Structures are given as C-alpha cells and as structure tokens.
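Please open the structure in the viewer and keep the selection panel at hand.

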Amino acid sequence: MNGSRMIGQVRVVGTGLLGASVGLGLRALGVDVIVHDSSPANLSLAIDYGAGRAARDTDNPRLVVVAVPPDVTARVIADELAAFPDALVTDVSSVKVAVLAGVRDSGADVNRYVGSHPLAGRERGGPISARGDLFLGRPWVITPHDGMPAAQVGVIEDLVLDLGAVPVIMTAEQHDISVALVSHVPQVIASLLARRLSGGTESALSLSGQGLRDTTRIASSDAELWVQILGANAAAVTAVLREYRADLDRAIDTLDAPQLPGARRALAELLAGGNTGVARIPGKHGQDRRFNQIIVMVDDKPGELARLLTEIGDIGVNMEDLRLEHSPGQQIGLAEISVVPEAESGLVADLEARGWRIAQVNA
C-alpha cells in the first residue's frame with residue numbers, strides 16, 4: 001500500500017548517504033524508486049539495501065532527485081532535464097546559488113528545476129550509512145526561483161513531508177548565507193580545532209571529555225566533499241569567518257594582558273555572547289526553549305542503558321535529548337538526559353527511588 005503524497009515514479013541520481021536515504025524513506029512508503037549512480041558498486045549496494053531498483057528503458061519519473069557532489073550537480077541536473085522532459089528535477093546540494101547559475105548557463109529548461117537542501121547528514125557517507133529516517137524532524141530548504149508555479153513547489157513539499165522533514169522556503173541567496181552561518185563555518189571551525197589535536201601528546205589526549213568530542217564531531221567529515229562545498233559558497237563563508245577572526249583577535253589581545261583594567265570584562269562579554277547565541281538555537285521540533293540536563297551514572301554492562309530509557313518512559317517523562325559519555329578508566333557510563341525544566345525534579349526523585357545514581361543536574 002502506498003502511504004506517500006508522491007504520485008508516480010521518483011528517480012534518485014547518486015546513491016551516497018543522502019540519495020540512498022531518500023530512496024529508503026520513499027520505498028518504505030511504497031513509492032516506485034529508481035536509483036542510478038555512476039559507480040556500479042555504489043548502485044549495486046544501494047539496491048541491495050533496498051533504496052530502489054535499477055533503471056529501465058520504460059521509466060517515466062515524475063520527479064528526479066539529484067544527489068551528487070556539488071562540482072557536478074548542475075551538469076547532472078541539466079542531463080536529467082534533457083533525458084526526462086516530463087519530470088520536475090530537484091537536488092540536495094548544500095549550495096544553491098552556484099547550482100542554479102550552472103543550470104541556467106547550460107541552457108537547460110530551468111523552469112522544471114527547483115533547488116532544495118535537507119539539513120541532515122552523518123559523519124559517514126555512502127549507501128551503507130543511509131537511513132530511511134535520516135530526515136525526520138530536520139529542516140529541508142526549498143529554493144524556488146522566478147515566480148515558479150506553486151504546483152511545482154508543492155511537489156517538492158510533498159517529497160519533504162513524505163520523508164518526515166520540515167519544509168522551509170527561501171531564496172537561493174538566503175539559503176547560502178544561512179548555511180554559511182549554521183553549517184559551513186562550524187565545519188571549518190571544528191576542523192581547525194581538531195587539527196590542533198594532531199600535535200597533542202598521548203597524555204593530553206587521554207584527558208579528552210565530552211566537550212571536546214561535541215565540538216570536533218563533524219571534523220571527521222569527508223574533506224574532499226567539503227572542499228567543493230566551501231569553494232562553492234566562499235563569499236558567504238568568508239564573511240562569517242572574518243567576523244569570527246575579529247572575535248578571536250579580541251580574545252587573544254585580552255589574554256595577552258589579562259591583568260590590564262577591563263580585560264576580564266572584555267573576556268566575559270565575549271563568553272556571554274556565546275551564551276546568547278547558543279540560547280537561540282531551536283530545540284526539538286524547532287521549539288525555541290531551553291532544557292535541563294540530568295546526568296545519570298549507568299553501569300557498563302548489557303541492558304543497563306535500555307533499562308534506564310524504559311524506566312524514564314514508565315515514569316511518563318518525555319526525553320528531549322540523550323548524550324552518552326564513558327568515564328575513562330571506569331566501568332561506568334554517564335547518560336545526560338535533557339528534559340523540560342518542570343519535569344526535572346520529579347524525574348530525579350523517581351530515578352533515585354528506583355536505584356539510579358544521579359551524578360549531576362544542570363539547569
């Protein structure tokens with residue numbers, strides 16, 4: 001049974017993480033998904049994983065989703081527009097201005113192209129890392145252009161909603177400026193921070209905690225792919241990086257002479273600016289609200305984490321987020337549970353009554 005809003009066949013070109021995840025999500029809804037990849041190995045693997053079927057000469061897709069590296073996205077879009085004159089074509093590239101310009105320059109029928117970009121991903125790529133629920137609850141930007149008919153935008157919205165994502169309408173220019181701030185610059189900063197670790201001693205690195213892991217997690221992303229992304233959105237990225245450099249210079253100047261009058265205040269203002277910024281990051285489902293964290297000690301043995309999560313559910317508290325950290329040298333883990341502030345005290349009391357050890361509560 002087809003539970004999808006999509007009507008007709010969907011062709012996915014590129015079976016990496018995003019393309020294969022689109023295929024898996026739509027196949028779960030009964031959509032006839034055609035997958036194609038220039039790599040026979042990736043194509044075969046995506047088909048084996050259930051992301052879709054191989055192309056046939058009789059295919060007539062209503063929608064084509066292009067999920068290839070940014071440096072070839074515009075060319076592939078143009079090829080797909082020519083090959084399937086009845087199809088609407090979208091892409092999932094993380095840059096939009098350069099892609100749209102490239103499609104226009106190719107002479108292709110740009111009126112059947114609608115750019116889009118899901119703000120979702122993992123550090124690992126390829127079809128083996130794909131997940132049908134990858135886009136669940138994530139923003140998915142749609143970038144219509146030149147007064148595009150609402151019906152065509154609606155087809156992309158149907159795709160986004162089918163995959164559990166949240167459609168967001170922006171211009172291509174607005175999109176590129178926005179992702180420079182919330183995605184592209186964070187990648188650069190995380191990578192530069194992680195690069196400092198390459199010269200660290202083993203004894204220093206043995207002290208690494210969750211804070212370092214959180215701030216460097218995305219530094220393990222594909223360097224070749226990010227060279228393409230950053231190059232395609234260079235102007236917007238450098239604008240943010242220059243502001244970051246100015247803040248960094250102020251911090252260095254302050255710490256070079258921390259004894260001078262006003263130095264501590266200047267440093268405090270920089271750090272407080274970070275508090276203000278992080279408070280603006282929306283929480284789950286896009287809600288702009290803060291959560292309290294309860295850190296629970298979990299014995300390092302099979303079934304303990306599952307038991308904790310089950311008992312939180314039995315207590316009737318909705319867990320907003322979960323982070324795990326292993327205590328170095330100890331047979332114990334630390335589970336940081338995020339809950340709404342009004343649920344904190346009751347959950348702590350109930351967990352302690354059930355024998356759980358609470359390491360810390362952070363408001």
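Select helix α12 together with helix α13: α12 passes α13 in a right-handed crossing (a crossing is right-handed if the near helix is turned clockwise from the far one by less than a right angle, and left-handed if anticlockwise). The model is predicted, with local features requiring pLDDT of at least 70 and side-chain atom pairs counting only at pLDDT 80 or more, while totals for chains, interfaces and linings use all residues. Residues are numbered from 1 along each chain as its sequence is written, and side-chain values use heavy atoms, with hydrogens and water left out.

Helix α12 spans residues 304-315 and helix α13 residues 341-353; their axes come within 11 Å and cross at roughly 125°. That angle makes α12 oblique to α13 (under 35 degrees is roughly parallel, over 145 roughly antiparallel, 65 to 115 roughly perpendicular, and the rest oblique). Axes are lines fitted to C-alpha atoms, for helices over the stretch in contact, with angles from 0 to 180 degrees between N-to-C directions. Helices are DSSP runs of H or I with at least four residues, and strands are runs of E with at least two, numbered from the N terminus.

Next, display the side chains at this crossing. Leu308, Ile312 and Ile315 of α12 meet Leu347, Asp350 and Leu351 of α13, where contact means heavy atoms within 4.5 Å. These residues divide into five nonpolar, no polar and one charged.

Remain on α12 and select Glu311, which lies in this helix. At 13% relative accessibility, Glu311 counts as buried (under 20% relative accessible area; exposed is over 50% and partly exposed in between, with a 1.4 Å probe and protein chains only). Setting aside residues up to four places away in sequence, Glu311 touches Arg354 and Trp356.

Now move to helix α3 (residues 70-83) and helix α4 (residues 97-106), which pack at an angle of about 50° with their axes 8 Å apart. The two helices are therefore oblique to each other, and their crossing is right-handed. Which residues meet here, from α3 and from α4? Thr73, Ala74, Ile77, Ala78 and Leu81 of α3 meet Val99, Gly102, Val103 and Ser106 of α4. The contact comprises six nonpolar, three polar and no charged residues.

Finally, select Thr90 in strand β4 (residues 88-91). Thr90 counts as buried, at 0% relative accessibility. The side chain of Thr90 reaches the backbone oxygen of Val114 at 2.6 Å. Beyond residues up to four places away in sequence, Thr90 touches several others, including Leu63, Val65, Tyr113, Ile156 and Leu159.

Notes: Ala, Val, Leu, Ile, Met, Phe, Trp, Tyr, Cys and Pro count as nonpolar, Asp, Glu, Lys and Arg as charged, and the others, Gly among them, as polar. A polar contact is a pair of N or O atoms within 3.5 Å; within protein, one must be able to donate a hydrogen and the other to accept it, and residues adjacent in sequence count only if both atoms are side-chain atoms.
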